[in-house]
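Please open the model in a viewer and keep the sequence beside it.

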Amino acid sequence: MKKRTFIKLSSALMTAPLFSPLEGWAANADKLKNWAGNLEYSTERLDNAKSVKQVQEIVKKYDKLKVLGTRHCFNNIADTKDQFISLVGAEEQIVIDEKNKTVTVNSGLKYGQLSPYLHKKGFALHNLASLPHISIAGACATATHGSGEKKGNLSTAVSAMELVTANGDVVQLSRKKDGDQFNGAVVNLGALGVVTKVTLDIQPTFFMAQHVYENVPLDQLSDNFDKIEGSGYSVSLFTNWATNDITEVWVKYKTNSEKPLKALPDKEFFGGKLATKNLHPIPELSAENCTPQMGVPGPWYDRMPHFKMGFTPSSGKELQSEYFVPRINAVDAILAISKLGSQVGPHLFTSEIRTIAADDFWMSPCYKQDSVAIHFTWKQDWPAVSKLLPMIEKELAPYNVRPHWGKLFTISPDVLEKRYPRFADFRELAMKYDPKGKFRNDFLNLNIFKA
(Lines give C-alpha, C1' and ligand atoms only; values in the text may rest on other atoms or scores of the structure.)
Protein backbone atom coordinates (compact mmCIF):
# COMPACT_ATOMS: atom_id res chain seq x y z
CA MET A 1 0.00 0.00 0.00
CA LYS A 2 1.20 3.49 -0.82
CA LYS A 3 2.17 5.66 2.12
CA ARG A 4 -0.53 8.20 1.26
CA THR A 5 -3.20 5.50 1.47
CA PHE A 6 -1.91 4.24 4.82
CA ILE A 7 -2.01 7.71 6.35
CA LYS A 8 -5.59 8.11 5.20
CA LEU A 9 -6.61 4.77 6.72
CA SER A 10 -4.81 5.48 9.98
CA SER A 11 -6.57 8.80 10.42
CA ALA A 12 -9.94 7.15 9.99
CA LEU A 13 -9.17 4.41 12.50
CA MET A 14 -7.94 6.83 15.12
CA THR A 15 -11.32 8.55 15.28
CA ALA A 16 -13.23 5.32 15.87
CA PRO A 17 -13.76 3.43 19.16
CA LEU A 18 -12.87 0.25 17.30
CA PHE A 19 -9.16 -0.61 17.32
CA SER A 20 -8.85 -2.66 14.21
CA PRO A 21 -5.76 -4.48 12.98
CA LEU A 22 -4.25 -3.03 9.84
CA GLU A 23 -4.05 -6.35 8.10
CA GLY A 24 -2.59 -7.40 4.82
CA TRP A 25 -1.11 -4.13 3.62
CA ALA A 26 2.40 -4.01 5.07
CA ALA A 27 4.84 -4.43 2.22
CA ASN A 28 8.03 -3.83 4.18
CA ALA A 29 9.04 -6.78 6.36
CA ASP A 30 11.38 -4.53 8.32
CA LYS A 31 8.54 -2.39 9.67
CA LEU A 32 7.81 -2.62 13.39
CA LYS A 33 4.85 -4.97 13.87
CA ASN A 34 3.21 -6.87 16.69
CA TRP A 35 4.03 -10.57 16.98
CA ALA A 36 0.97 -11.73 15.04
CA GLY A 37 1.65 -9.32 12.20
CA ASN A 38 -1.85 -7.85 12.20
CA LEU A 39 -0.70 -4.42 13.42
CA GLU A 40 2.05 -2.26 12.00
CA TYR A 41 3.17 0.41 14.44
CA SER A 42 2.92 4.07 13.50
CA THR A 43 6.64 4.82 13.83
CA GLU A 44 9.93 2.99 13.55
CA ARG A 45 11.69 5.36 15.93
CA LEU A 46 12.87 3.14 18.77
CA ASP A 47 15.48 3.68 21.49
CA ASN A 48 16.64 0.71 23.55
CA ALA A 49 17.46 1.35 27.20
CA LYS A 50 19.87 -0.87 29.12
CA SER A 51 19.71 0.88 32.51
CA VAL A 52 17.48 3.11 34.62
CA LYS A 53 19.80 6.02 33.90
CA GLN A 54 19.35 5.50 30.15
CA VAL A 55 15.59 5.36 30.64
CA GLN A 56 15.70 8.70 32.45
CA GLU A 57 17.77 10.27 29.68
CA ILE A 58 15.43 9.00 26.96
CA VAL A 59 12.30 10.09 28.84
CA LYS A 60 13.70 13.61 29.31
CA LYS A 61 14.70 13.79 25.66
CA TYR A 62 11.26 13.35 24.10
CA ASP A 63 7.94 15.17 24.48
CA LYS A 64 5.95 12.06 23.54
CA LEU A 65 6.95 8.47 24.27
CA LYS A 66 5.56 4.94 24.57
CA VAL A 67 7.07 1.74 25.90
CA LEU A 68 7.19 -1.18 23.46
CA GLY A 69 7.45 -4.59 25.09
CA THR A 70 7.18 -8.03 23.55
CA ARG A 71 4.47 -6.79 21.14
CA HIS A 72 1.76 -9.24 22.07
CA CYS A 73 -1.13 -6.75 22.07
CA PHE A 74 -3.55 -6.89 19.16
CA ASN A 75 -4.79 -3.30 19.36
CA ASN A 76 -2.93 0.01 19.51
CA ILE A 77 -2.68 0.32 23.29
CA ALA A 78 1.14 0.49 22.95
CA ASP A 79 1.32 2.36 19.66
CA THR A 80 2.62 5.87 19.02
CA LYS A 81 3.32 8.14 16.08
CA ASP A 82 6.24 9.71 17.93
CA GLN A 83 8.87 7.63 19.74
CA PHE A 84 9.26 4.17 21.30
CA ILE A 85 11.46 3.07 24.16
CA SER A 86 12.12 -0.63 24.83
CA LEU A 87 13.65 -2.43 27.80
CA VAL A 88 13.29 -5.87 26.25
CA GLY A 89 16.73 -7.39 25.71
CA ALA A 90 18.41 -5.48 28.51
CA GLU A 91 20.85 -7.41 30.66
CA GLU A 92 19.00 -9.75 33.01
CA GLN A 93 18.69 -8.56 36.59
CA ILE A 94 17.21 -11.13 38.96
CA VAL A 95 17.49 -10.62 42.72
CA ILE A 96 15.83 -13.14 45.03
CA ASP A 97 14.95 -12.13 48.60
CA GLU A 98 14.53 -15.50 50.32
CA LYS A 99 13.47 -13.96 53.63
CA ASN A 100 10.58 -12.01 52.17
CA LYS A 101 9.92 -14.54 49.40
CA THR A 102 10.17 -12.08 46.52
CA VAL A 103 12.15 -11.66 43.34
CA THR A 104 13.02 -8.31 41.75
CA VAL A 105 13.63 -8.23 38.01
CA ASN A 106 14.17 -5.78 35.18
CA SER A 107 10.81 -5.07 33.62
CA GLY A 108 11.65 -6.21 30.09
CA LEU A 109 12.44 -9.74 31.25
CA LYS A 110 10.16 -12.45 29.89
CA TYR A 111 8.42 -14.99 32.09
CA GLY A 112 10.11 -17.74 30.12
CA GLN A 113 13.50 -16.31 31.08
CA LEU A 114 12.71 -15.84 34.76
CA SER A 115 10.85 -19.09 35.44
CA PRO A 116 13.63 -21.67 34.86
CA TYR A 117 16.01 -19.57 36.98
CA LEU A 118 13.52 -19.43 39.84
CA HIS A 119 12.96 -23.19 39.64
CA LYS A 120 16.69 -23.88 39.88
CA LYS A 121 16.80 -21.73 42.99
CA GLY A 122 13.87 -23.58 44.53
CA PHE A 123 11.10 -21.08 43.84
CA ALA A 124 8.01 -20.62 41.67
CA LEU A 125 5.42 -18.05 40.62
CA HIS A 126 1.77 -18.63 41.45
CA ASN A 127 0.54 -18.38 37.88
CA LEU A 128 1.59 -18.07 34.24
CA ALA A 129 -0.21 -17.15 31.04
CA SER A 130 -0.72 -19.50 28.09
CA LEU A 131 2.44 -18.10 26.49
CA PRO A 132 5.68 -17.64 28.47
CA HIS A 133 7.14 -15.32 25.83
CA ILE A 134 5.60 -12.11 27.19
CA SER A 135 7.40 -9.44 29.22
CA ILE A 136 6.68 -9.19 32.92
CA ALA A 137 5.94 -5.47 33.00
CA GLY A 138 3.73 -5.57 29.92
CA ALA A 139 1.71 -8.52 31.18
CA CYS A 140 1.10 -6.88 34.55
CA ALA A 141 0.24 -3.50 33.00
CA THR A 142 -2.63 -5.10 31.04
CA ALA A 143 -3.81 -7.57 33.73
CA THR A 144 -2.83 -10.57 31.64
CA HIS A 145 -3.76 -13.81 33.37
CA GLY A 146 -3.48 -17.54 33.59
CA SER A 147 -6.14 -19.72 35.16
CA GLY A 148 -7.13 -21.11 38.52
CA GLU A 149 -10.02 -21.24 40.95
CA LYS A 150 -8.25 -19.09 43.52
CA LYS A 151 -5.41 -17.75 41.40
CA GLY A 152 -5.30 -14.05 40.64
CA ASN A 153 -3.92 -12.74 37.35
CA LEU A 154 -0.18 -12.20 36.87
CA SER A 155 -0.29 -8.69 38.31
CA THR A 156 -1.46 -10.00 41.71
CA ALA A 157 2.10 -11.27 42.30
CA VAL A 158 3.46 -7.70 42.12
CA SER A 159 4.48 -6.43 45.56
CA ALA A 160 6.60 -3.45 44.43
CA MET A 161 7.57 -1.60 41.29
CA GLU A 162 9.91 1.12 40.09
CA LEU A 163 9.00 3.55 37.34
CA VAL A 164 10.39 6.61 35.64
CA THR A 165 7.77 9.35 35.43
CA ALA A 166 7.29 11.99 32.73
CA ASN A 167 9.83 14.41 34.21
CA GLY A 168 12.47 11.69 34.55
CA ASP A 169 12.08 11.07 38.29
CA VAL A 170 12.42 7.53 39.64
CA VAL A 171 9.47 6.52 41.82
CA GLN A 172 9.29 3.47 44.07
CA LEU A 173 5.85 2.04 44.86
CA SER A 174 4.99 -0.93 47.04
CA ARG A 175 1.97 -2.81 48.28
CA LYS A 176 3.07 -2.29 51.89
CA LYS A 177 3.91 1.42 51.69
CA ASP A 178 1.53 2.87 49.12
CA GLY A 179 -1.66 0.92 49.64
CA ASP A 180 -4.51 2.17 47.48
CA GLN A 181 -2.29 4.20 45.15
CA PHE A 182 -0.28 1.05 44.51
CA ASN A 183 -3.51 -0.68 43.50
CA GLY A 184 -4.02 2.04 40.93
CA ALA A 185 -0.52 1.82 39.53
CA VAL A 186 0.05 -1.91 38.93
CA VAL A 187 -2.41 -2.35 36.04
CA ASN A 188 -1.32 0.96 34.55
CA LEU A 189 -2.05 0.51 30.81
CA GLY A 190 1.23 2.31 30.08
CA ALA A 191 -0.26 5.61 31.27
CA LEU A 192 1.95 6.42 34.27
CA GLY A 193 5.52 6.11 33.03
CA VAL A 194 8.21 3.61 32.17
CA VAL A 195 8.27 0.65 34.57
CA THR A 196 11.91 -0.31 35.08
CA LYS A 197 11.77 -2.93 37.86
CA VAL A 198 9.11 -5.25 39.21
CA THR A 199 9.12 -7.19 42.48
CA LEU A 200 7.06 -10.39 42.48
CA ASP A 201 5.92 -12.69 45.26
CA ILE A 202 7.36 -16.19 44.97
CA GLN A 203 6.72 -19.53 46.65
CA PRO A 204 8.49 -22.90 46.94
CA THR A 205 8.89 -24.61 43.60
CA PHE A 206 6.66 -27.51 42.62
CA PHE A 207 5.99 -29.97 39.85
CA MET A 208 2.91 -30.30 37.69
CA ALA A 209 1.28 -32.66 35.23
CA GLN A 210 -1.63 -32.23 32.86
CA HIS A 211 -4.25 -34.36 31.19
CA VAL A 212 -6.59 -33.42 28.39
CA TYR A 213 -10.16 -34.63 28.00
CA GLU A 214 -12.06 -34.47 24.74
CA ASN A 215 -15.67 -33.67 23.87
CA VAL A 216 -17.28 -32.78 27.18
CA PRO A 217 -20.94 -31.99 26.41
CA LEU A 218 -21.68 -28.29 26.75
CA ASP A 219 -24.79 -28.98 28.81
CA GLN A 220 -22.56 -30.42 31.55
CA LEU A 221 -21.59 -26.85 32.43
CA SER A 222 -25.03 -25.96 33.77
CA ASP A 223 -24.74 -28.27 36.77
CA ASN A 224 -21.01 -28.94 36.93
CA PHE A 225 -19.14 -25.78 35.97
CA ASP A 226 -17.67 -25.28 39.44
CA LYS A 227 -16.67 -28.93 39.71
CA ILE A 228 -15.00 -28.86 36.29
CA GLU A 229 -13.09 -25.66 37.00
CA GLY A 230 -12.15 -26.93 40.44
CA SER A 231 -10.72 -30.21 39.15
CA GLY A 232 -7.15 -28.90 38.92
CA TYR A 233 -4.68 -26.18 39.84
CA SER A 234 -5.46 -24.62 36.46
CA VAL A 235 -8.22 -25.61 34.04
CA SER A 236 -8.87 -24.44 30.49
CA LEU A 237 -11.92 -25.22 28.38
CA PHE A 238 -11.56 -25.04 24.59
CA THR A 239 -14.41 -24.88 22.09
CA ASN A 240 -15.12 -23.55 18.63
CA TRP A 241 -18.81 -22.90 19.46
CA ALA A 242 -19.75 -24.78 16.30
CA THR A 243 -20.73 -27.98 18.16
CA ASN A 244 -22.47 -28.79 21.42
CA ASP A 245 -19.20 -29.90 22.99
CA ILE A 246 -16.31 -28.43 24.89
CA THR A 247 -13.74 -29.76 22.45
CA GLU A 248 -10.90 -30.06 24.97
CA VAL A 249 -10.53 -29.62 28.73
CA TRP A 250 -6.94 -29.13 29.92
CA VAL A 251 -6.54 -30.03 33.59
CA LYS A 252 -3.22 -29.06 35.20
CA TYR A 253 -2.44 -30.19 38.72
CA LYS A 254 0.39 -30.36 41.24
CA THR A 255 2.36 -33.55 41.76
CA ASN A 256 4.70 -34.58 44.55
CA SER A 257 7.74 -35.06 42.35
CA GLU A 258 8.92 -35.24 38.76
CA LYS A 259 8.71 -39.02 38.76
CA PRO A 260 6.14 -40.61 36.42
CA LEU A 261 2.70 -41.01 37.97
CA LYS A 262 1.63 -44.51 38.91
CA ALA A 263 -2.09 -43.82 39.26
CA LEU A 264 -4.03 -43.20 36.07
CA PRO A 265 -6.80 -40.59 35.96
CA ASP A 266 -10.40 -41.44 35.24
CA LYS A 267 -10.93 -42.16 31.56
CA GLU A 268 -14.22 -40.30 31.67
CA PHE A 269 -14.64 -36.68 32.72
CA PHE A 270 -18.17 -35.23 32.85
CA GLY A 271 -19.06 -37.09 29.67
CA GLY A 272 -15.71 -36.48 27.98
CA LYS A 273 -12.99 -39.00 27.22
CA LEU A 274 -9.33 -38.95 28.28
CA ALA A 275 -7.08 -38.07 25.34
CA THR A 276 -4.70 -40.81 24.26
CA LYS A 277 -2.10 -38.48 22.75
CA ASN A 278 -0.79 -34.95 23.18
CA LEU A 279 -3.12 -32.35 21.68
CA HIS A 280 -2.95 -28.75 20.48
CA PRO A 281 -5.73 -26.34 21.60
CA ILE A 282 -6.61 -26.19 17.91
CA PRO A 283 -7.23 -29.91 17.29
CA GLU A 284 -6.12 -29.79 13.65
CA LEU A 285 -2.61 -28.58 14.57
CA SER A 286 0.41 -30.56 15.75
CA ALA A 287 1.06 -30.64 19.50
CA GLU A 288 4.82 -30.47 18.95
CA ASN A 289 5.08 -26.96 20.38
CA CYS A 290 2.72 -27.60 23.31
CA THR A 291 3.83 -28.40 26.84
CA PRO A 292 3.83 -32.16 27.64
CA GLN A 293 0.53 -33.79 28.57
CA MET A 294 -0.48 -37.39 29.24
CA GLY A 295 0.25 -36.94 32.96
CA VAL A 296 4.01 -36.64 32.43
CA PRO A 297 5.28 -34.53 35.37
CA GLY A 298 7.58 -31.57 34.94
CA PRO A 299 8.51 -28.21 36.51
CA TRP A 300 5.61 -25.81 37.06
CA TYR A 301 6.87 -23.44 34.36
CA ASP A 302 6.85 -26.20 31.73
CA ARG A 303 3.25 -27.28 32.40
CA MET A 304 1.30 -24.18 33.43
CA PRO A 305 1.60 -22.49 30.00
CA HIS A 306 0.10 -24.27 27.02
CA PHE A 307 3.15 -23.63 24.85
CA LYS A 308 6.86 -24.27 25.29
CA MET A 309 9.25 -21.38 25.81
CA GLY A 310 11.61 -22.88 23.22
CA PHE A 311 8.89 -22.32 20.66
CA THR A 312 8.77 -18.66 19.70
CA PRO A 313 5.27 -17.82 18.47
CA SER A 314 5.37 -17.10 14.78
CA SER A 315 3.70 -14.06 13.30
CA GLY A 316 0.76 -16.32 12.59
CA LYS A 317 -2.37 -15.05 10.94
CA GLU A 318 -4.67 -14.67 13.91
CA LEU A 319 -6.57 -12.04 15.86
CA GLN A 320 -7.53 -12.17 19.54
CA SER A 321 -10.36 -10.86 21.71
CA GLU A 322 -11.20 -11.66 25.32
CA TYR A 323 -14.07 -10.76 27.61
CA PHE A 324 -14.42 -11.00 31.39
CA VAL A 325 -17.72 -11.57 33.21
CA PRO A 326 -18.41 -12.17 36.92
CA ARG A 327 -17.92 -15.76 37.95
CA ILE A 328 -21.52 -16.02 39.13
CA ASN A 329 -22.68 -15.31 35.56
CA ALA A 330 -20.28 -17.75 33.91
CA VAL A 331 -22.72 -20.38 32.67
CA ASP A 332 -25.30 -17.85 31.46
CA ALA A 333 -22.59 -15.95 29.58
CA ILE A 334 -21.22 -19.12 27.96
CA LEU A 335 -24.67 -20.25 26.88
CA ALA A 336 -25.34 -16.79 25.47
CA ILE A 337 -22.25 -17.06 23.26
CA SER A 338 -23.17 -20.59 22.23
CA LYS A 339 -26.31 -19.17 20.57
CA LEU A 340 -23.98 -17.40 18.13
CA GLY A 341 -22.13 -20.61 17.32
CA SER A 342 -23.14 -20.83 13.66
CA GLN A 343 -21.95 -17.26 13.10
CA VAL A 344 -18.81 -17.35 15.25
CA GLY A 345 -17.54 -20.83 14.45
CA PRO A 346 -16.52 -20.35 10.79
CA HIS A 347 -14.23 -17.43 11.71
CA LEU A 348 -12.62 -18.99 14.75
CA PHE A 349 -9.55 -21.12 15.39
CA THR A 350 -10.54 -21.80 19.00
CA SER A 351 -12.04 -20.20 22.08
CA GLU A 352 -10.71 -20.67 25.63
CA ILE A 353 -12.64 -20.31 28.89
CA ARG A 354 -10.75 -19.78 32.17
CA THR A 355 -11.43 -18.66 35.74
CA ILE A 356 -9.49 -15.90 37.54
CA ALA A 357 -9.76 -14.80 41.17
CA ALA A 358 -10.72 -11.24 42.16
CA ASP A 359 -8.09 -8.57 42.80
CA ASP A 360 -7.90 -4.96 44.02
CA PHE A 361 -6.31 -3.27 41.01
CA TRP A 362 -8.42 -0.38 39.77
CA MET A 363 -8.15 -1.12 36.05
CA SER A 364 -8.09 -4.90 36.23
CA PRO A 365 -11.04 -6.65 34.55
CA CYS A 366 -11.14 -8.78 37.73
CA TYR A 367 -11.39 -5.78 40.08
CA LYS A 368 -13.38 -6.89 43.13
CA GLN A 369 -14.94 -9.86 41.33
CA ASP A 370 -14.05 -13.47 40.71
CA SER A 371 -14.23 -13.71 36.94
CA VAL A 372 -14.48 -15.98 33.95
CA ALA A 373 -12.60 -14.99 30.81
CA ILE A 374 -13.92 -16.02 27.40
CA HIS A 375 -11.12 -15.78 24.87
CA PHE A 376 -11.40 -15.87 21.08
CA THR A 377 -8.55 -16.72 18.71
CA TRP A 378 -9.84 -15.58 15.34
CA LYS A 379 -8.78 -16.23 11.80
CA GLN A 380 -7.18 -13.08 10.47
CA ASP A 381 -10.26 -11.81 8.69
CA TRP A 382 -10.88 -8.40 10.20
CA PRO A 383 -13.97 -7.50 8.12
CA ALA A 384 -15.74 -10.59 9.51
CA VAL A 385 -14.43 -10.28 13.07
CA SER A 386 -15.31 -6.59 13.25
CA LYS A 387 -18.96 -7.54 12.71
CA LEU A 388 -18.90 -10.36 15.27
CA LEU A 389 -17.40 -8.44 18.20
CA PRO A 390 -20.40 -6.12 18.68
CA MET A 391 -22.70 -9.15 18.57
CA ILE A 392 -20.69 -10.91 21.28
CA GLU A 393 -20.49 -7.76 23.38
CA LYS A 394 -24.25 -7.32 23.12
CA GLU A 395 -24.85 -10.86 24.40
CA LEU A 396 -22.46 -10.27 27.31
CA ALA A 397 -23.65 -6.73 28.13
CA PRO A 398 -26.15 -7.90 30.81
CA TYR A 399 -23.17 -9.19 32.79
CA ASN A 400 -21.24 -5.89 32.71
CA VAL A 401 -18.59 -7.43 30.50
CA ARG A 402 -15.07 -5.99 30.60
CA PRO A 403 -12.62 -6.54 27.70
CA HIS A 404 -8.96 -7.49 27.88
CA TRP A 405 -7.11 -4.19 27.47
CA GLY A 406 -4.59 -5.58 24.98
CA LYS A 407 -7.01 -7.33 22.64
CA LEU A 408 -9.65 -6.31 20.13
CA PHE A 409 -12.97 -4.91 21.32
CA THR A 410 -15.60 -2.34 20.30
CA ILE A 411 -17.07 -1.34 23.68
CA SER A 412 -17.38 2.45 23.85
CA PRO A 413 -15.36 4.62 26.27
CA ASP A 414 -18.52 5.73 28.07
CA VAL A 415 -19.55 2.14 28.75
CA LEU A 416 -16.04 1.20 29.84
CA GLU A 417 -16.04 3.97 32.42
CA LYS A 418 -19.31 2.73 33.93
CA ARG A 419 -17.89 -0.76 34.35
CA TYR A 420 -14.80 0.29 36.34
CA PRO A 421 -15.69 1.83 39.74
CA ARG A 422 -12.24 3.44 40.09
CA PHE A 423 -12.02 4.71 36.51
CA ALA A 424 -12.02 8.40 37.48
CA ASP A 425 -9.44 7.74 40.21
CA PHE A 426 -7.14 6.13 37.67
CA ARG A 427 -7.49 9.09 35.35
CA GLU A 428 -6.47 11.40 38.22
CA LEU A 429 -3.50 9.16 39.06
CA ALA A 430 -2.33 9.31 35.44
CA MET A 431 -2.64 13.10 35.52
CA LYS A 432 -0.53 13.16 38.68
CA TYR A 433 2.36 11.20 37.18
CA ASP A 434 2.02 12.51 33.63
CA PRO A 435 0.26 15.91 33.72
CA LYS A 436 1.22 16.87 30.15
CA GLY A 437 0.35 13.53 28.59
CA LYS A 438 3.83 12.42 27.54
CA PHE A 439 2.81 8.76 27.71
CA ARG A 440 -0.64 9.11 26.20
CA ASN A 441 -1.54 7.87 22.74
CA ASP A 442 -4.68 7.50 20.67
CA PHE A 443 -5.85 4.48 22.65
CA LEU A 444 -5.51 6.21 26.03
CA ASN A 445 -6.86 9.51 24.77
CA LEU A 446 -10.01 7.83 23.51
CA ASN A 447 -10.64 5.13 26.10
CA ILE A 448 -9.34 6.72 29.31
CA PHE A 449 -9.31 10.47 28.75
CA LYS A 450 -12.08 10.50 26.12
CA ALA A 451 -10.27 13.20 24.20
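**A pair of strands**

Select strand 2 and strand 3 (residues 84-86): two bridges join them, and they run parallel. Strands here are DSSP runs of E with at least two residues, and helices are runs of H or I with at least four residues, numbered from the N terminus. Within strand 3, Ile 85 is the bridge partner of Val 67.

This is a predicted model, in which local features need pLDDT of at least 70, side-chain atom pairs count only at pLDDT 80 or more, and totals for chains, interfaces and linings use all residues. Residues are numbered from 1 along each chain as its sequence is written, and side-chain values use heavy atoms, with hydrogens and water left out.

Two strands pair if DSSP finds at least two bridges between them.

**The whole chain**

Show everything: the protein has twelve helices and 20 strands. Its C-alpha trace spans about 60 × 50 × 40 Å along the principal axes. Colour by burial, and 58% of the 451 residues count as buried, meaning under 20% relative accessible area with a 1.4 Å probe, protein chains only. Of the contacts with a separation of 6 or more, 72% are between residues 24 or more positions apart.

Note on methods
Buried < 20%, exposed > 50% of the residue type's maximum accessible area, 1.4 Å probe, protein only. Contact = heavy atoms within 4.5 Å.
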